[in-house]
Structures are given as C-alpha cells and as structure tokens.
Amino acid sequence: MSKIFRTLLIIMVMTTTITVVHGQKKLDKQVITDLQKTPKYGFILTTERHFKGVLSMYDLLIENGVVIEDYEIVVKGKVVTQLVKESELEAFFQKYKGKVKVSVCSVAMEKLGVAEDTLFEGLDVTPTASVRMLQLQANGYNTLTY
C-alpha cells in the first residue's frame, strides 16, 4: 500500500510540474490588442509560487509583444520572509531587476520580524499592501489578486 501511495504522489508532483513548465506560450492577437489598451499591471500576492508565476507572466507578455509601461508586484504575508538577501527568490528576481517593481508591505514585515536592511536590493517598502493596490487601481492599472 505504501508503494502505491508513493507512486501516486510522484505522478501527482510530475503532473503539476509539467503543467507549470508547459503553461501558455502564445497569446491570441485579440488578447494582445486588448492588453495594449492598459499597459500597466499590478499584482498582490502572498506566496513564493505566485511571486515566481507573476514574474514568469511578465516574460510571457514581453515574448508575445505586449507593451508594458509599468509592472508592479505588491507582496504581503509570509512570503515576505523569503525576500531577504542571499535567498532563492533574490536569485530568481535578478533577471527582472529594473523592469519589475516589487513593493513589500511594511505591516507584514513588522509582524514577521523582517527588517528593511535584510531585504534584497531592488525592493521598495510600502506602508500597507492594500492601500498600495488601491493606489495602483486609482492610477489605471490592471490588477490581480493571488
């Protein structure tokens, strides 16, 4: 029974990995046309998986010729503890530095004991994630919450 459970678990993990790796690669012309209407994007998220996913979406949009004026990720919750120097997310983010703005919620930092000087370079601290998202919406950003 244990062997069957392990096999099923491995199949589930492989299927999930394949789905993530082989996500959408080509955008329909109408989608690109629609996205060009509002070239500013804002995302609020709380997990490492979504952080990486939203950065990968940036690549998808660029590769399909979507013009991006501004692209901002607002981070809150436990993932804030992973935005520190010498972390896996710092290495992953290097490719996007100067292209994608990342705002980190100071309330989450305080609650989780993350000091501003421990954050890796290229991040901005914002007073509260929710107010920052409202500000982005007020400035005409397309926004998504993860």
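Let me start with Glu 121: its relative accessibility is 57%, so it counts as exposed. The cut-offs are these: buried is under 20% relative accessible area, exposed is over 50%, and partly exposed is in between, with a 1.4 Å probe and protein chains only.

A word on the source. This is a predicted model, where local features need pLDDT of at least 70 and side-chain atom pairs count only at pLDDT 80 or more, while totals for chains, interfaces and linings use all residues. Residues are numbered from 1 along each chain as its sequence is written, and side-chain values use heavy atoms, with hydrogens and water left out.

Now, what does Glu 121 form with Lys 97? A salt bridge, with the closest N and O atoms 3.5 Å apart. By salt bridge I mean a side-chain nitrogen of Lys or Arg within 4 Å of a carboxyl oxygen of Asp or Glu. Glu 121 sits in the loop between helix H5 (106–112) and strand E4 (123–126), and Lys 97 in the loop between H4 and strand E3 (101–105), so the bridge ties together parts 24 residues apart in sequence. Lys 97 is partly exposed, at 32% relative accessible area.

Helices and strands here are DSSP runs, numbered from the N terminus: helices are H or I with at least four residues, strands are E with at least two.

Next, Lys 52. It forms a salt bridge with Glu 48, at 3.2 Å from N to O. Both residues belong to helix H3 (residues 48–63), four residues apart, about one turn of the helix. Glu 48 is partly exposed, with 26% relative accessibility. Lys 52 also forms a salt bridge with Glu 88, and here the closest N and O atoms are 2.3 Å apart. That pair links distant parts of the chain: Glu 88 is in helix H4 (residues 88–93), Lys 52 is in helix H3, and 36 residues separate them. How many salt bridges does the whole structure hold? The search finds six.

On to the sheet. It is open, with five strands in the order E4-E3-E2-E1-E5 and parallel pairing. Which strands stand at the edges? E4 and strand E5 (142–145), each with a single partner strand, so one side of each has no neighbour in the sheet. From one strand to the next, the twist averages 20 degrees. Two strands pair if DSSP finds at least two bridges between them. Strand E2 (residues 70–75) and E3 pair in the parallel sense over four bridges. Val 75 has Val 104 in E3 as its bridge partner.

H3 comes back here. H3 packs on the sheet and touches strand E1 (40–45), E2 and E3, and its direction makes about 175 degrees with that of E2. Contact means heavy atoms within 4.5 Å. Axes are lines fitted to C-alpha atoms, for helices over the stretch in contact, and angles run from 0 to 180 degrees between N-to-C directions.

One backbone detail. Most residues other than glycine have a negative phi. Glu 86 is not a glycine, yet has a positive phi of about 65 degrees. Glu 86 lies in the loop between E2 and H4. Is Glu 86 buried or exposed? Exposed, with a relative accessible area of 79%.

Last, the overall picture. The protein has six helices and five strands. Along the sequence, the pattern reads α-α-β-α-β-α-β-α-β-α-β. Of its 146 residues, 34% count as buried. Among contacts between residues at least 6 apart in sequence, 74% join residues at least 24 apart.
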